[in-house]
Amino acid sequence: MAANQVTSCEDVQYLLRNLRVVDDKIIFGLNLATPTQSFRNTVDPAQKCEQLFHELAENYKERGALLERCLQHSTQRLSELRSIDPATDASLSWKIKSERSKVRELRNELGIEEILRERGRKVFTERCYRHYRGYEGW
């Protein structure tokens, strides 16, 4: 599910939940990528770590783009609402509060996203540093 296929930011929580599945399963993925010595003959840790790195990097990029796009959209919408004359729309105050809440929520999600990225990078680095070095400067 690509973020650029989304026409509305209304379902951003649902999309983030689906896109964050990779982070939820990173330990499992790393266990498969870096097996114990007895299974090393059947699995190439360098290849698996590289594959996992590309999956994580693409996922982080997609989630970041989704959040930035939706935050920009909500901020723009909030500015538009603030420029409307309150006398012309009785529900304007409610709309502004609702949009302000969305902007606040998206900013919080950006913070959560940074925490998830740092956690993912740390775990990835700890487990794959012996096998794959392409992530440096990530």
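**View 1. Disulfide pattern of the predicted model.** With bonded cysteines counted along the protein chain, the disulfides follow the pattern 1-3, 2-4. The model shown in every view is predicted. Searching the whole structure turns up two disulfides. One joins Cys-9 to Cys-70. The other is formed by Cys-49 and Cys-128.

**View 2. The Cys-9 to Cys-70 disulfide.** The sulfur atoms of Cys-9 and Cys-70 are joined at an S to S distance of 2.1 Å. The link is left-handed, with -85° about the S-S bond. Cys-9 sits in the segment before H1 and Cys-70 sits in helix H4, so the bond ties together parts 61 residues apart in sequence. Are these cysteines buried or exposed? Cys-9 is buried, and Cys-70 is buried too.

**View 3. The Cys-49 to Cys-128 disulfide.** Here the sulfur atoms of Cys-49 and Cys-128 lie 2.1 Å apart. The S-S torsion of this pair is about -80°, so the disulfide is left-handed. Cys-49 belongs to helix H4 and Cys-128 to helix H5, so the pair ties together parts that are 79 residues apart in sequence. Cys-49 and Cys-128 are both buried.

**View 4. The buried face of helix H1.** Helix H1 spans residues 12-19. Which of its residues are buried? They are Val-12, Leu-15, Leu-16 and Leu-19. Seen down the axis of H1, these buried residues fall within an arc of 100°, so they line one face of the helix. What do the buried residues of H1 pack against? Their partners are helix H2 (21-24), helix H4 (45-82) and H5.

**View 5. Arg-117 in helix H5.** Arg-117 has its place in helix H5, which covers residues 92-128. Its relative accessibility is 17%. Buried means under 20%, so Arg-117 counts as buried. Which residues does Arg-117 contact, leaving aside its neighbours within four places in sequence? Tyr-60, Lys-61 and Gly-64 are in contact with Arg-117.

How values were computed. Residues numbered from 1 in each chain as written. Predicted model: local features only at pLDDT ≥ 70, side-chain atom pairs only at ≥ 80, totals over all residues. Heavy atoms only, no water. Helix = DSSP H or I, 4+ residues; strand = E, 2+ residues; numbered from the N terminus. Buried < 20%, exposed > 50% of the residue type's maximum accessible area, 1.4 Å probe, protein only. Contact = heavy atoms within 4.5 Å. Arc of directions from axis to C-beta. Disulfide = S-S within 2.5 Å.
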